[in-house]
Amino acid sequence: MTTNPNLLTPFKATKADVESSSLRQISEDAFYVINEVVTRRLGHIPILKGDLHDLPYKVQRFVAEKAELMRPRGIFICDGSQHEAEQIISKLIERGMLTPLAAYENNYLCRTDPKDVARVESKTWMVTPDKYQTVTHTAPGAEPIMGHWMSPFEFGGELDSRFPGCMAGRIMYVIPFSMGPLGSPLSKIGIQLTDSNYVVLSMRIMTRVNPDVWEVLGNNDFVRCIHSVGLPRPVKQRVINHWPCNPERVLIAHRPSEREIWSFGSGYGGNSLLGKKCFALRIASNIAHDEGWLAEHMLIMGVTRPNGKEHFIAAAFPSACGKTNLAMLEPTLPGWKVRCVGDDIAWMKFGEDGRLYAINPEAGFFGVAPGTSNKTNPMAVGTFQKNSIFTNVAETSEGRYYWEGLEDEIKDKNVEITDWLGNPWKLGDATPAAHPNSRFAAPAKQCPIIHPDWESPEGVPIEAIIFGGRRPDGVPLVFETFGWHHGIFTGACLKSETTAAAEHKGKNVMHDPMAMRPFMGYNFGKYLDHWISLEKAPHKVPKIYHVNWFRKSKEGKFLWPGFGDNIRDTAVGVIPSQGSINLDGLGDINWDELMSLPADYWKQDAKEVRKFLEDQVGSDLPNEIREELESQEKRIEAL
Ligand code: GTP
Ligand code: SPV
Ligand code: MN
């Protein structure tokens with residue numbers, strides 16, 4: 001299959017074009033417009049809203065090129081206003097794609113095609129000329145689990161077989177958005193093209209969609225996000241739940257050097273809200289590497305002690321492992337206070353004072369619904385009482401949302417419930433009412449404990465970084481690592497049970513280094529090198545901890561471990577001794593079991609960890625991490 005180079009590279013007037021012109025002095029951009037190429041490329045595609053010619057030239061060029069490729073029936077330039085959202089919402093209600101949840105203000109339910117319910121990791125790719133820009137030099141025979149590489153040549157073919165004409169009969173929305181507070185030095189601009197109005201509504205919640213983006217953009221570059229549900233009209237197959245998608249043809253591809261994302265065939269969360277995992281993690285980790293900062297799968301929270309002193313913490317847990325819950329935790333300990341800055345992604349950069357500052361690039365929470373209740377996470381519940389979209393949850397006849405974990409909050413036990421598939425459902429039925437990866441999208445500013453500085457342009461200073469996962473056995477509730485390198489080593493060895501956030505079946509404990517396995521934007525060895533390189537004057541690196549809430553307690557009582565001075569060293573890190581964590585009100589806690597290091601378990605684990613690092617990071621493993629591995633092996637051997 002041949003690749004049309006125009007699809008891959010932004011249009012540029014050739015040198016010959018410019019030289020043969022009497023307009024040599026004017027910029028290439030102006031030349032482009034004077035050539036009326038934008039107009040030519042648009043052909044007869046009408047602009048339904050907004051004025052394309054008011055936008056920066058490079059945006060005009062981007063929009064025109066992609067419109068020429070995807071051939072929508074019209075172009076709609078979003079302004080992010082409430083009025084615009086209301087228009088789209090009423091259209092979608094009419095069409096049956098959104099159902100108002102009448103018990104709340106401006107809350108809606110959306111059911112997807114049941115084939116389109118989670119991220120599709122197996123169809124998510126990084127496209128780089130050099131394979132090892134994306135993946136590590138793994139041991140012979142080891143398939144890389146971090147980073148999924150596709151060559152530009154192959155990608156060209158995949159693109160050609162999907163995108164030409166893919167928006168036929170649909171509207172192409174142009175969404176200008178900022179990741180991070182508009183105008184913050186840490187923020188970045190993106191423009192997403194999409195033919196999904198669900199995406200338009202969700203992007204308004206999850207990012208800052210605003211015409212001011214055009215002003216801020218100025219001469220800066222932007223991340224190019226191209227998304228299509230991949231079902232041009234007239235549609236040949238049956239559309240289920242008014243949710244067009246093309247599950248057999250899903251492709252989510254990133255071109256990091258070009259700062260470009262191409263997503264096809266899915267309307268679901270991390271596959272389609274391109275500001276989130278695609279931009280804020282996979283592309284941003286590349287930008288962060290180039291510019292000397294970090295883009296991580298981490299929540300950000302402020303914890304205030306009874307003495308009034310506040311500490312900011314960033315914590316990395318794999319998908320569906322408790323970030324949203326921890327970020328909005330209501331401490332059970334008297335006098336302690338938690339305030340939320342972000343629940344999923346942190347962009348962090350060392351400031352001139354040497355401290356590590358973090359911003360939350362997002363504007364909303366896209367949280368796991370099941371398990372969220374007034375008991376487990378009342379602050380999340382408080383956040384999504386209005387202006388929120390619920391995807392694949394169940395609904396009661398009273399116009400309320402319903403999912404597993406809300407059993408006790410149903411007042412009328414005979415209320416009629418419709419499950420996420422649209423079927424009648426009763427309490428006690430064997431099938432789940434809501435899909436396990438059903439989600440709420442809610443504006444962060446509605447969170448009752450949102451931090452007053454959550455939109456501060458300079459970010460908040462991080463003192464501690466926490467890694468954690470779902471580890472049913474062997475791993476203590478909490479330990480502090482011995483230092484920066486040991487902390488990075490511990491993060492690199494992070495493991496967790498698989499969850500419903502992606503297409504994995506069953507519950508296997510798998511490696512999820514730094515909670516970034518599905519989101520790594522480049523070679524994981526280089527990523528570790530980058531982390532290591534940040535410990536230099538005048539940087540004051542945060543302390544690094546490891547936690548595991550999932551070893552015991554079915555109710556999962558959340559604790560922020562107030563470390564006392566009274567600590568003891570162990571083989572894998574510093575563990576608080578009994579009495580140094582306040583367990584008041586927690587009932588019967590088996591402290592010894594919660595904190596123990598079973599020697600057999602850890603000896604086995606050490607072998608597995610060595611094999612993992614040798615297989616998966618191979619010759620890209622930094623020496624500093626290899627040294628940590630060896631010292632840890634010696635400590636565990638002595639257990
Ligand atoms: P992503 O949005 O996928 O990145 O997930 P997340 O890391 O934000 O996970 P979230 O906080 O949404 O939690 C996922 C699920 O785990 C929910 O059903 C929670 O109720 C449940 N959960 C969270 N924290 C705990 C805990 O400490 N113990 C137990 N047992 N369950 C928890
Ligand atoms: C995750 O899977 O880590 C999420 C949900 O936060 S999604 O936006 O679908 O990636
Ligand atoms: Mn996440």
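Predicted model: local features only at pLDDT ≥ 70, side-chain atom pairs only at ≥ 80, totals over all residues.
Ligand 2 lies between domain 1 (16-77 + 123-291) and domain 2 (295-360 + 454-637), because both domains give residues to the shell around it.

**The site of ligand 2**

- The shell around ligand 2 is made up of Arg119, Gly269, Gly270, Lys276, Lys277, His297, Ser319, Asp344, Phe366, Arg439, Ala501 and Phe519.
- Sorted by type, these shell residues comprise 5 charged, 4 polar and 3 nonpolar ones.
- Lys277 has a side-chain N or O atom 2.6 Å from an oxygen atom of ligand 2.
- Arg119 also reaches the ligand, with a polar side-chain atom 2.9 Å from an oxygen atom of ligand 2.
- For His297, the distance between a side-chain N or O atom and an oxygen atom of ligand 2 is 3.3 Å.
- On its own, ligand 2 has 290 Å² of accessible area, and the protein covers 98% of that.

- At least two lining residues of the second largest pocket come from each of helix H6 (82-95), helix H9 (197-206) and strand E9 (208-209).
- Seen by domain, domain 1 (16-77 + 123-291) and domain 3 (365-446) each contribute at least three residues to the lining of the second largest pocket.
- By residue type, the lining of the second largest pocket holds 10 nonpolar, 8 polar and 4 charged residues.

**Cavities**

- The model has 7 cavities of 30 Å³ or more.
- Helix H15 (484-492), helix H18 (599-617) and helix H19 (623-637) each provide at least two residues of the lining of the largest cavity.
- The lining of the largest cavity contains 11 nonpolar residues, along with 3 polar and 4 charged ones.

**Backbone details**

- Arg233 and Pro234 are joined by a cis peptide bond, with omega near -5 degrees.
- To find Pro234, look in the loop between strand E10 (223-228) and strand E11 (251-255).
- The peptide bond from Ala537 to Pro538 is cis, and omega there is about -5 degrees.
- Pro538 sits in the loop that runs between helix H16 (524-533) and strand E30 (543-547).
- Arg71, a residue other than glycine, has a positive phi, near 50 degrees.
- The loop that holds Arg71 lies between helix H5 (57-70) and strand E2 (74-77).

Technical notes
Residues numbered from 1 in each chain as written. Chains lettered and ligands numbered in written order. Heavy atoms only, no water. Near = heavy atom within 4 Å. Polar contact = N/O pair within 3.5 Å; in protein donor to acceptor, adjacent residues only side chain to side chain. Areas by Shrake-Rupley, 256 points an atom, 1.4 Å probe, with all protein chains shown as cover. Nonpolar A, V, L, I, M, F, W, Y, C, P; charged D, E, K, R; others polar. Domains from an automatic or database assignment. Helix = DSSP H or I, 4+ residues; strand = E, 2+ residues; numbered from the N terminus. 1 Å grid on protein atoms, 1.4 Å probe; cavity = no way out; pocket = protein on both sides within 12 Å on 5 of 7 lines; lining within 4 Å. Points joined across faces, edges and corners; volume = space filled by probe spheres on them.
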